[in-house]
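Please look over the sequence and the model shown here.

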Amino acid sequence: MAAAGLFVLRLPAGAAPFTGAGYPLHNIPVDKKLDPAWVRSLYNRGSATTYLKSKNELRYIGMPSGGLHTGTVYLGGDGRLWLWSIYNDDREGVDPKTAIWNDGSTERKIISRDGANYVEPSIAANRRVLEQGFAIKLMYDGKTIIKQLREEDWDEVSFEATYPLAKISFTSKDVPIKVVMYAGGFFIPLNADDSGLPATQFTIEVHNTSNQNIQCSLIGWLENGANKLTATDKDGTRKNNAINGENITGISSTFNPANNDITSKPDAGTTCFAAMDGKGLINTNTNLFVLNEETFTAADNEEAQQPASEKLIGSIVVNNNVAAGKFATQNFAITWHFNHPNSTVQKLAADAKEGFYYGKRFNDAAQVMAYIAQNFTRLHTQTFAWRQTWYNSTLPWWFLERTLLNICTVSTANTYRFGTGRFWGWEGVNSCEGTCTHVWQYAQALGRIFPSLERDTRQRVDLGIAMRDNGGILFRGENANRPAIDGQAGTILRFYREHQMSADNSFLQNNWPHIKKAVSFMMAQDKNGDGMIDTPMENTLDAMWDGEIAWIVGLCIAAAKAGQLMAEEMNDTAFAATCQEYANKGGKNMAEQLFNGEYFIHKPDAVQGRKKLGSYNTCHIDQVYGQSWGWQVGLGRLWDKEKTLSALRALWKYNFAPDVGPYIKTHTGGRPYALEGEAGLIMNTNPHNEPKPYGEEVTWQMGYFHECMTGFEHQVAAHMMAEGMTDEALVITRAIHDRYHGAKRNPFNEIECSDHYARAMASYGTFITACGFTYHGPKGYIGFNPAFGADDFIAPFTAAEGWGTYAQQRKGALFTAQLEVKYGTLRLKEWAVALKDNRQITRAALKLEGKNVPCTWLGNVVVLHDGVQVSEGQRLVVEVG
């Protein structure tokens with residue numbers, strides 16, 4: 001975060017009782033009064049979260065539906081695209097605004113980074129930058145009916161929030177059909193290039209529910225989006241040209257410039273619209289002011305031009321005869337190409353001067369479309385396969401949705417991939433630059449779904465651009481002049497994760513000297529040699545705290561443990577021993593010196609005391625974050641288990657508010673990321689009602705302590721899940737899910753210091769711990785130990801070279817487990833399964849596609865004598881009797 005100057009602590013007159021120093025008393029109830037039946041229901045499989053027109057739940061929905069790092073194109077609740085932030089705008093937030101919010105003591109102006117879009121969500125109808133949509137013409141019983149695929153034209157429209165492809169259904173009593181649309185970007189885990197196409201795909205099915213044939217015409221249209229924001233009539237004209245091919249009917253939309261200046265504007269570029277069918281009817285200049293029967297038959301393949309001040313819209317019509325009880329399917333795609341990073345980004349990253357990665361691959365939107373048309377079957381099938389794989393699980397639908405959807409952050413204008421191949425991100429859209437280590441290290445999704453991007457960033461940036469001679473990693477790359485201690489430790493943990501998500505040892509082998517240097521720098525910040533970091537350095541709460549701080553100490557212990565394991569793999573025994581000694585000493589001292597009998601604290605500096613801002617004896621959300629990270633990468637137990645559990649129980653007891661309203665009204669100064677009537681986990685509380693709980697000096701950063709920030713909440717939920725506190729983990733995750741319900745605000749935009757905040761990708765970590773997933777690609781190791789539902793469990797997995805489905809069943813004495821690869825390959829030497837405690841194995845068999853695989857058992861681990869490669873479409877099955 002970087003929000004200096006935004007907060008002023010106010011103590012509201014007439015509010016709850018105060019401590020002796022005038023600080024509000026802790027007022028979060030210990031008894032959460034949660035309905036036990038409701039808590040049990042969180043475990044139910046359920047069905048996809050579905051938002052309805054009839055409940056007025058569609059207007060805020062904005063699902064990012066383009067490729068990775070290609071701008072923000074929102075799919076609305078009724079299937080139309082909106083926002084269209086593809087023009088390299090440098091304004092903060094997806095829809096820059098200032099909202100008014102009463103924080104309990106006064107009205108405050110809230111800008112984008114403070115949560116304007118949380119208080120006053122953007123509405124799709126107000127941000128339709130380009131004309132785009134679909135309509136259907138039906139002919140039956142001598143009648144002709146025309147309906148647009150939009151909310152106004154149908155009795156009911158439903159939106160199933162199944163990122164990366166939403167399912168939108170349209171029904172009305174007056175027509176004997178149902179229209180189903182699947183829409184979103186091309187999204188293929190492990191394939192960052194094809195998932196980074198600047199494109200949205202639509203699959204539209206027309207289901208005939210009658211007992212007679214229906215003549216159906218489907219029209220789609222798109223406004224020419226070239227130079228949409230800046231061009232005037234003196235700059236030139238917009239131009240549409242028809243595209244006719246064996247597998248494609250389309251319209252290429254460009255700008256015919258009258259001067260060179262217009263070609264270098266941020267919005268200079270091209271768009272394209274096409275049907276994946278060579279039989280479509282093209283109209284390069286469609287009049288949509290009147291949508292009638294003629295619109296569906298008018299054809300014009302000639303080049304069309306319009307002045308910049310006029311809209312130029314192209315359309316494509318596809319005709320079908322839909323038999324009774326059958327359905328017809330048509331695929332469309334929209335592409336864009338705006339290869340001019342704005343001047344702000346170019347000043348921050350020299351790589352931006354090379355344009356975007358997709359701009360290096362393709363010259364314009366028509367070339368992108370040609371690539372899609374040529375590869376459509378593969379791109380389309382693999383995207384749908386991932387959707388099917390992800391949601392084909394025994395885990396609750398809502399849980400799968402919430403833990404995955406934050407990966408959409410990288411399909412917004414929050415991230416870029418430059419022409420050099422470099423990945424670069426803000427913290428939130430156009431807010432806080434430089435792929436900040438102390439924020440992005442919370443994000444677990446990207447490293448698991450697109451590991452090549454994270455590996456490249458570690459090597460290119462953290463171990464390259466950002467690395468100092470002493471091993472310190474500049475926390476904003478070239479945009480910072482110092483490391484952040486939590487960012488340093490979190491990045492070391494990411495080195496280990498990126499190694500684990502590799503097919504072989506090359507990443508670790510090639511980078512080990514610099515990784516070793518980074519670990520050494522971190523451990524050197526422990527000045528008194530007790531294994532507990534004590535050097536004041538920048539942290540994610542935008543301050544330098546003195547003393548020994550549990551959450552920083554613990555994170556560095558985890559990083560040292562990761563350093564030990566990497567050193568062992570590199571046969572660097574001396575350094576492995578150094579790291580091991582640090583981690584062991586630190587874990588012991590943290591448990592003995594930083595535990596107050598109930599939770600872990602911030603021990604003040606012996607000289608400074610509690611003069612400066614800190615968490616001290618308060619209950620801080622990240623106090624055992626290092627152990628949380630440890631479960632993500634299989635580090636094992638890092639310090640005392642019972643004290644860790646006590647700390648997590650304290651967070652639930654003191655920080656979880658079923659209604660944050662009373663707390664934020666009395667503890668003011670924070671940003672509105674949770675409002676009255678909503679549940680959340682508060683960042684930092686003062687359960688012992690100390691008079692000056694956060695130190696003698698009150699600074700603006702104190703406002704953070706009173707907020708609910710989803711990234712932090714997600715990491716706690718992930719940790720609780722790993723430690724067996726599954727009720728609490730699900731309740732916290734569900735609280736976030738409900739705060740972002742479509743009736744309230746955009747479900748796909750978790751906000752913290754601007755929109756689509758990167759830290760929110762910590763949500764994927766809760767999925768990891770729910771599965772008890774462990775993986776080490778170079779070792780050929782995979783393991784599962786479900787946190788709940790282990791007797792009949794199905795879940796997706798991603799590995800270094802493939803992804804698929806894991807399933808296990810326990811029936812009496814019989815245990816079976818199966819790995820099915822849906823994409824790529826899985827190379828395996830060891831497979832850990834979740835046998836019952838102390839289970840004695842009397843009979844076991846391992847088969848690949850029905851053929852026996854030689855193996856032995858070591859505890860609950862199947863050791864494959866020769867290893868296997870499970871290819872796409874194959875199943876590896878183990879059966880224990």
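This is a predicted model: local features need pLDDT of at least 70, side-chain atom pairs count only at pLDDT 80 or more; totals for chains, interfaces and linings use all residues.

Residues are numbered from 1 along each chain as its sequence is written, and side-chain values use heavy atoms, with hydrogens and water left out.

- Helices (H or I, at least four residues) and strands (E, at least two) are DSSP runs, numbered from the N terminus.
- Of the 13 residues of α17, 12 are buried, where buried means under 20% relative accessible area, exposed over 50% and partly exposed in between (1.4 Å probe, protein chains only).
- Among the buried residues of α17 are F712, H714, H719 and M721.
- The 13 residues of α17 should span 18 Å at 1.5 Å a residue, and its end C-alpha atoms are 18 Å apart, which agrees; the expected span is 1.5 Å times one less than the number of residues.
- After α17 comes G724, which has a positive phi, near 90°.

**Strands**

- Strands of a sheet pair through backbone hydrogen bonds, either parallel or antiparallel.
- Two strands count as paired if DSSP finds at least two bridges between them.
- Strand β9 (residues 156-160) is largely enclosed by the rest of the structure, because four of its five residues are buried.
- β9 pairs with strand β1 (residues 50-52) in the antiparallel sense over three bridges, and L52 has S158 in β9 as its bridge partner.
- β9 is also joined to strand β10 (residues 165-171) by five bridges, and these two run antiparallel.
- V157 has F170 in β10 as its bridge partner, and four residues lie between β9 and β10 in the hairpin that they form.
- Elsewhere, an open sheet of three strands has the order β2-β3-β4, with antiparallel pairing; its edge strands, β2 (63-64) and β4 (81-85), each pair on one side only.
- Strand β3 (residues 72-75) is joined to β4 by three bridges, and Y74 has W82 in β4 as its bridge partner.

**Pockets**

- On a 1 Å grid over the protein atoms alone, a cavity is a set of points where a 1.4 Å probe fits but cannot get out, and a pocket is an open set with protein on both sides within 12 Å along at least five of seven lines; lining residues have an atom within 4 Å of a point.
- Grid points are joined across faces, edges and corners, and a volume is the space filled by probe spheres set on the points.
- The largest pocket holds about 700 Å³ of space.
- Its lining has 32 residues, and W631, G634, G772, F773 and T774 lie nearest the centre.
- Elements that give two or more residues to this lining include α17 (710-722), α14 (625-632) and α19 (763-771).
- The second largest pocket, of about 460 Å³, is lined by 23 residues, with E131, L288, F289, K311 and I313 nearest its centre.

**Cavities**

- There are 13 cavities of 30 Å³ or more in the structure.
- The largest cavity has a volume of about 110 Å³, and of its 13 lining residues G71, S85, I86, N88 and Y416 are the closest to its centre.
- The second largest cavity holds about 90 Å³ of space.
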